[in-house]
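This report is a guided reading for someone who is meeting the structure for the first time. Please look over the sequence and the fold before going on to the sections below.

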Amino acid sequence: EEAVIVGGLRITQWEPQNERIWKAAIPQITTNQPDKFQVIEDSVPATLARSPNEGWFRLRDPQIEPFWSFCYDEREFDAANVDTSQLIVHLIQMGTYFSEHIPIERVDTGQRRFYTKFKMKDPAYDPVNGKTFVVENALALLDAPGEYFADHATGVLYYMPIASDPSKAIIVADTAPQLLVIRGKDRDNQVHGLRFEGITFDGGT
């Protein structure tokens, strides 16, 4: 048989939120960071609810001091109709491996400006006009199959399954901090030369 080690909980107690979205109580997620949590349906990683669903937005008038902030286009994103209390901006620098999630502190809908809770951790990132980003982690952004929103304040997971009926799929909340640790005796005695065959690891942050 195929051996699979799953780093999380299989979700079975689903309740309908509406015709397309289902929800389940997962108290464990209150201790997970949004960007360190994953939902897996039939071994396929789900997508954190985001806007836009395809492509990205671009930074407008970014400011670094005294707080890092940037503007958004009201034609692309309607912050007034989104609960921004757990909103995250996912910065992406095209052509590099840079990708960083930063929580939103507040939104000035009058100036159409996001203020983040902290600045970028990577000093090499230069926030200038035109850099790409998406916004993630709000229930109002959950609008496509395979997307989820984990409410880390209440411990409720909202998911739009790829399968029309979630009971027909194996859906796992990735709650394990790690699945496997391989540690040598010390720096001079590292583990090496291992190869895993015939086993699948699903999840684990």
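## Salt bridges

A salt bridge here is a side-chain nitrogen of Lys or Arg that lies within 4 Å of a carboxyl oxygen of Asp or Glu. By that rule the structure, which is a predicted model, holds 5 salt bridges. One of them is formed by Arg113 and Asp61, whose closest N and O atoms are 2.6 Å apart. This pair links distant parts of the chain, since Arg113 belongs to strand β14 (residues 113-116) and Asp61 to strand β10 (residues 60-63), 52 residues apart. Arg113 counts as buried because its relative accessibility is 3%, whereas Asp61, with a relative accessible area of 38%, is partly exposed.

Another salt bridge brings together the side chains of Asp73 and Arg75, at 2.8 Å from N to O. Asp73 has a relative accessibility of 9% and therefore counts as buried, while Arg75 has a relative accessible area of 72% and is therefore exposed. Salt bridges with shared partners join Asp73 and Arg75, together with Arg60, into one network. The side chains of Arg195 and Glu197 also meet in a salt bridge, with 2.9 Å from N to O, and in this pair both Arg195 and Glu197 are exposed.

## The chain as a whole

The protein chain has 19 strands and 0 helices. Its C-alpha trace spans about 55 × 55 × 30 Å along the principal axes. Of the 205 residues in the protein chain, 41% are buried, and the accessible surface of the chain comes to about 12300 Å², with 47% of that area belonging to carbon and sulfur atoms.

How much of the contact pattern in the protein chain comes from residues 24 or more positions apart? Among contacts with a separation of 6 or more, such residues account for 66%.

Thr132, which has its place in strand β15, counts as buried because its relative accessibility is 2%. A polar atom of the Thr132 side chain lies 2.6 Å from the backbone oxygen of Ile92.

Strands of a sheet pair through backbone hydrogen bonds, either parallel or antiparallel. Strand β12 (residues 88-92) runs antiparallel to β15 and is joined to it by 5 bridges, with Glu136 of β15 as the bridge partner of Ile88. Strand β8 (residues 50-51) is also antiparallel to β15, and 2 bridges join these strands; here Glu136 of β15 is the bridge partner of Arg50. Strand β9 (residues 57-58) is likewise joined to β15 by 2 bridges in an antiparallel arrangement, and Phe57 stands opposite Phe133 of β15.

## An open sheet

Elsewhere in the model, 4 strands form an open sheet in which the order is β2-β18-β5-β6 and the pairing is antiparallel. The edge strands of this sheet are β2 (9-10) and β6 (44-45), each of which pairs on one side only. Strand β5 (residues 38-41) and β6, which run antiparallel, are joined by 2 bridges, and the bridge partner of Glu41 in β6 is Val44.

Which residues make the nonpolar surface patch of about 680 Å²? The patch is made by Ile5, Leu180, Ile182, Val191, Leu194, Phe196, Ile199 and Phe201. Phe201, one of these residues, lies in strand β19 (residues 199-203).

Technical notes
Residues are numbered from 1 along each chain as its sequence is written. This is a predicted model: local features need pLDDT of at least 70, side-chain atom pairs count only at pLDDT 80 or more; totals for chains, interfaces and linings use all residues. Side-chain values use heavy atoms; hydrogens and water are left out. Patches are made of residues with over 30% relative accessible area and no salt bridge: like charges are joined within 9 Å, nonpolar side chains (Val, Leu, Ile, Met, Phe, Trp, Tyr) within 5 Å. Accessible areas come from the Shrake-Rupley method with a 1.4 Å probe; for residues, only the protein chains shown count as cover. Two strands pair if DSSP finds at least two bridges between them. Buried means under 20% relative accessible area, exposed over 50%, partly exposed in between (1.4 Å probe, protein chains only). A polar contact is a pair of N or O atoms within 3.5 Å; within protein, one must be able to donate a hydrogen and the other to accept it, and residues adjacent in sequence count only if both atoms are side-chain atoms. Contact means heavy atoms within 4.5 Å.
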